[in-house]
Amino acid sequence: MISDRLENVTQTISRLLEGYDIRLRPNFGGDPLYVGMDLTIASFDAISEVNMDYTITMYLNQYWKDERLAFSTDEEILTLSGDFAEKIWVPDTFFANDKNSFLHDVTERNKLVRLNGDGSITYGMRFTTTLACMMDLHYYPLDSQNCTVEIESYGYTVMDVVMYWKDTPVRGVEEAELPQFTIIGYETNDRKESLATGIYQRLSLSFKLQRNIGYFVFQTYLPSILIVMLSWVSFWINHEATSARVALGITTVLTMTTISTGVRSSLPRISYVKAIDIYLVMCFVFVFAALLEYAAVNYTYWGARAKKKNKKSKEAEDKKLLGTKSNDSYPQSDDIIELQDVRMSPIPSIRNRHNAKTLGSAQADALDPAKFPPSFRISRTGYSFNQRNASGLRYRGNRGNHFHKPKVLHALRRGASVLKASMPKIKDVNVIDKYSRIVFPVAFMMFNAGYWIFYFFE
């Protein structure tokens with residue numbers, strides 16, 4: 001009985017394939033052939049932000065009817081090997097966003113063919129495919145992505161083949177798990193794609209993926225927060241412990257640089273700024289500002305000491321100079337007043353000597369410049385009155401130099417003087433550390449509050 005049935009099935013299959021033209025689609029020249037599709041998700045294997053793709057293993061089932069293969073009016077089903085698909089017409093289905101795919105062949109090629117008595121065919125296969133998924137990483141790692149599966153006929157336009165989703169288009173999504181993402185939903189749609197070779201029917205399955213932030217909290221955010229807080233320890237270290245504070249500041253800066261480099265290595269080289277970039281840059285700014293704070297403290301402390309030392313040395317020199325001047329017969333000055341006309345001299349004896357002009361050369365010897373005080377000298381040009389100076393006095397030395405200074409330089413110096421005067425004078429450098437102990441933590445808390453509120457509720 002069984003042998004007779006097997007013989008009948010063999011004869012039936014041979015009869016069906018006799019004269020069967022694999023090159024022609026069912027109902028060739030007539031209405032378009034409707035091909036149903038459904039997918040079963042086996043697993044999500046990997047999602048790569050660097051390559052902008054994801055790898056998925058799935059079962060694809062296709063359904064159509066080929067009246068040339070009808071062999072019975074009863075609801076009889078023949079399950080055949082996958083090799084039978086090479087002897088009949090099958091749809092030229094492909095994935096429009098596919099990068100690399102392979103059909104599993106352990107232990108045999110994972111394909112099935114089921115033939116119903118009325119000519120309906122179920123054609124299934126199991127394969128792994130890597131599909132392109134263009135991601136928007138502006139909110140990375142607080143982002144969500146949409147990754148799609150695009151199914152289309154490669155050569156048959158809508159005039160020949162029309163694809164559609166079955167009543168239950170997708171299975172296995174609820175059971176699929178990803179290490180970094182959570183599948184929060186999916187949707188299916190179909191549309192017509194107009195290409196250079198015609199209009200094609202395309203089926204699309206879109207997965208809504210929400211990134212899990214737990215990994216990034218423990219690997220990036222929490223270490224960055226601790227490094228920033230570690231940089232604040234220098235505010236409690238004595239400002240004279242230069243080696244300790246500088247070493248701490250440089251260590252925190254280098255650690256933040258290492259964390260940033262590790263994060264960037266797992267991301268594509270995109271031009272726009274990501275959420276994690278903003279956080280890491282601000283953390284870097286805080287640790288760098290803590291290092292600069294000590295630079296300001298150190299400069300203020302040693303600069304004040306240097307000023308005091310210079311002031312004391314200058315005062316000592318001034319006292320010494322005043323003591324030297326007191327021993328001189330006449331006061332010394334950098335500015336020497338040259339007497340153009342002795343008649344303007346405040347010394348009566350000089351004026352009297354000038355009035356006695358008739359005394360001759362004997363009295364002229366009395367006007368020897370060496371006999372006058374050093375601050376008054378008879379002009380070498382004689383006793384003629386200088387018309388350009390009505391006062392009869394001509395100043396030489398440093399008094400006239402400031403009139404020749406450039407105006408721009410003078411303005412800059414005035415501005416610097418005003419700015420310096422407006423700045424508060426810090427008598428104790430510990431005040432800078434005391435304010436930093438409050439300003440830095442408060443500013444960092446405000447930044448964190450704004451950052452997380454913006455990216456969580458956006």
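Me: Buried means under 20% relative accessible area, exposed over 50%, partly exposed in between (1.4 Å probe, protein chains only). So where does Phe-94 fall, buried, partly exposed or exposed?

Reply: Phe-94 is partly exposed, at 25%. This is a predicted model: local features need pLDDT of at least 70, side-chain atom pairs need 80 or more, and totals for chains, interfaces and linings use all residues. Residues are numbered from 1 along each chain as its sequence is written, and side-chain values use heavy atoms, without hydrogens or water.

Me: How many aromatic pairs are there?

Reply: The structure holds 26 (Phe, Tyr or six-membered Trp rings, centres within 6.5 Å; planes under 30 degrees apart are stacked, over 60 edge-to-face, the rest tilted). Phe-94 and Tyr-154 make an edge-to-face one, with centres 5.2 Å apart and planes at 80°.

Me: Where do those two sit in the chain?

Reply: Phe-94 is in strand β4 (residues 93-95), while Tyr-154 is in the loop between β8 (144-153) and β9 (161-171). They are 60 residues apart, so the pair links distant parts of the chain. Helices (H or I, at least four residues) and strands (E, at least two) are DSSP runs, numbered from the N terminus.

Me: And Tyr-154, buried or exposed?

Reply: Exposed, at 60%.

Me: What about Phe-284 and Phe-288?

Reply: Their centres are 6.2 Å apart and their planes at 10°, so they are stacked. Both lie in helix α4 (residues 275-326), 4 residues apart, about one helical turn. Phe-284 is partly exposed at 30%; Phe-288 is too, at 38%.

Me: New topic. What does Thr-252 touch?

Reply: Ile-227, Leu-230, Ser-231 and Val-287 (heavy atoms within 4.5 Å), leaving out residues up to four places away in sequence. Thr-252 lies in helix α3 and is buried, at 1%.
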